[in-house]
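Open the model and turn it slowly.

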Amino acid sequence: MTNTALREETTSPETMPVRVKDPTIPTNPWSPPLGRLGLHGLLSAVRNWEPVDWDSVYDGLDTVLNEEVSHHAAGASGSSRPGAAGPGYDEAEELAQRFRGALMQLVNRGLRDDADKKHPDIADLIEQARTLRAKELPGDEHEALTFLRKLGRVTLELAERLEEVGIVKGLVEC
């Protein structure tokens with residue numbers, strides 16, 4: 001047993017250790033997991049974070065999926081245009097960002113609650129969501145609409161599936 005009693009022979013309180021160093025205990029200095037720039041970037045991301053506006057996400061789903069959305073959390077909005085060709089490119093970029101934000105929060109909720117480990121179908125949806133989130137919106141209007149529909153379907157399916165297993169409720173809390 002190591003003697004941890006205070007040294008009485010030291011006369012100056014500034015140099016007196018609290019206890020004698022135990023050589024069996026490593027004393028490596030602690031370093032933060034992120035450097036200065038990493039912490040600054042993380043803090044900026046937290047400051048700029050905005051919650052998902054689920055009403056606008058469902059409006060966007062109505063827009064790109066037309067009649068395919070069986071329920072609309074915000075009620076009828078008039079933005080669903082049966083037979084319409086789809087949104088213009090500027091609106092498509094905004095919709096893609098809206099869906100990406102929703103997917104990011106849904107994926108994080110699913111991973112936080114280990115839904116990917118408990119439910120293989122949710123793991124597949126999370127993988128699809130990650131893949132689609134990383135892709136850029138195509139420049140061609142028809143390809144952009146196809147991409148938005150894929151993004152919208154994965155958003156809707158993941159939201160519904162996470163709600164079925166009780167991870168999210170009403171999507172307002174995400």
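**How the helices pack**

Helix α2 crosses α6 with a left-handed sense. A crossing is left-handed if the near helix is turned anticlockwise from the far one by less than a right angle, and right-handed if clockwise. Before going on, note what you are looking at. This is a predicted model, in which local features need pLDDT of at least 70, side-chain atom pairs count only at pLDDT 80 or more, and totals for chains, interfaces and linings use all residues. Residues are numbered from 1 along each chain as its sequence is written, and side-chain values use heavy atoms, with hydrogens and water left out.

Now the overall plan. The protein chain has six helices and zero strands. Read from the N terminus, its elements run α-α-α-α-α-α. Helices (H or I, at least four residues) and strands (E, at least two) are DSSP runs, numbered from the N terminus.

Two packed helices are described by the angle between their axes and the distance between the axes. Axes are lines fitted to C-alpha atoms, for helices over the stretch in contact, and angles run from 0 to 180 degrees between N-to-C directions. Take α2 (residues 54–65) with α6 first. They pack at an angle of about 130°, and their axes are 9 Å apart. That angle makes α2 oblique to α6. Angles under 35 degrees count as roughly parallel, over 145 as roughly antiparallel, 65 to 115 as roughly perpendicular and the rest as oblique.

How do things look for α3 and α6, and what is their packing angle? Helix α6 spans residues 141–164, and α3 packs with it at about 30°, with axes 9 Å apart. The two helices are therefore roughly parallel to each other. Here too the crossing is left-handed, as α3 passes α6.

Look inside α6 next. L162 sits in this helix. Is L162 buried or exposed? Its relative accessibility is 0%, so L162 counts as buried. Buried means under 20% relative accessible area, exposed over 50%, and partly exposed in between (1.4 Å probe, protein chains only). Across the protein chain, buried residues make up 30% of the 174 residues.

**Charged partners**

How many salt bridges does the structure hold? There are five. A salt bridge is a side-chain nitrogen of Lys or Arg within 4 Å of a carboxyl oxygen of Asp or Glu.

One of them pairs R98 with E94, and their closest N and O atoms are 2.6 Å apart. Both residues lie in helix α3, four residues apart, about one turn of the helix. E94 is partly exposed, because its relative accessible area is 48%.

Another joins the side chains of R112 and D113, at 3.1 Å from N to O. R112 has 54% relative accessibility, so R112 counts as exposed. D113 has 25%, so D113 is partly exposed.

D121 is partly exposed at 33% relative accessibility. R161 is buried, with a relative accessible area of 19%. Salt bridges that share partners join D121, R161 and E164 into one network.

**Loops and surface**

D114 lies in the loop between α3 (89–112) and α4 (115–118). Its phi is near 55°, a positive value in a residue other than glycine. Most residues other than glycine have a negative phi. D114 has 32% relative accessibility, so D114 counts as partly exposed.

W49 belongs to the loop between α1 and α2. At 47% relative accessibility, W49 is partly exposed. The C-alpha atoms of W49 and G101 are separated by 9.9 Å, with the two residues 52 apart along the chain.

Finish in helix α1 (residues 36–48), where V46 lies. V46 is exposed, because its relative accessible area is 57%. Together with L34, L39 and L42, V46 makes a nonpolar surface patch of about 350 Å². Patches are made of residues with over 30% relative accessible area and no salt bridge: like charges are joined within 9 Å, nonpolar side chains (Val, Leu, Ile, Met, Phe, Trp, Tyr) within 5 Å. Accessible areas come from the Shrake-Rupley method with a 1.4 Å probe, and for residues only the protein chains shown count as cover.
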